[in-house]
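Hello,

Here is the structure I promised to pass on. Please open it first, then read my notes below.

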Amino acid sequence: MESSQSPNQLDATLQALGGGLSAAAPAAADNIDGWISTLDGAGSPALSAISAELKNLKSAIGSGDAAQISQSLQTLGEHTSKAAASATPDASAKLQQLGQTLSSAAASLQA
């Protein structure tokens, strides 16, 4: 995540998810599209995997399939937490937080 847009994009995503999934839903499509664009331009296989899963999430949201949304959020949480290990120190903590938030969101859909 070397784009200058990424830190602000990361903060905005964390803020959106901080209010829960229902609060994040109105901006989800634009947020997801922004991340897909950023990650596709990064040229990293690990980030491409996150981008592909974001496309799956967008499709699941469009269909309203809660089980698929939950699975996709869980996968994104795992991938994001792994990406935190190789990120810059300032982004690493935020990525770890995002990974945990995504995994928690996935669990909340399963409840």
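A word on confidence: pLDDT is the predictor's confidence in each residue, from 0 to 100. This is a predicted model, where local features need pLDDT of at least 70, side-chain atom pairs count only at pLDDT 80 or more, and totals for chains, interfaces and linings use all residues. Residues are numbered from 1 along each chain as its sequence is written, and side-chain values use heavy atoms, leaving out hydrogens and water.

The chain has a mean pLDDT of 85, and 93% of its residues reach 70 or more. Helices here are DSSP runs (H or I, at least four residues), numbered from the N terminus.

Next, a helix pair. H3 (residues 28–40) packs on H4 (residues 45–63) at about 160°, with axes 9 Å apart. Axes are lines fitted to C-alpha atoms over the stretch in contact, and angles run from 0 to 180 degrees between N-to-C directions. That makes H3 roughly antiparallel (over 145 degrees) to H4.

Now leucine 76. Its place is in helix H5. Leucine 76 and serine 51 are 25 residues apart in sequence, and 9.1 Å apart in space, C-alpha to C-alpha.

Best wishes

Note on methods. Helices (H or I, at least four residues) and strands (E, at least two) are DSSP runs, numbered from the N terminus. Angles under 35 degrees count as roughly parallel, over 145 as roughly antiparallel, 65 to 115 as roughly perpendicular and the rest as oblique.
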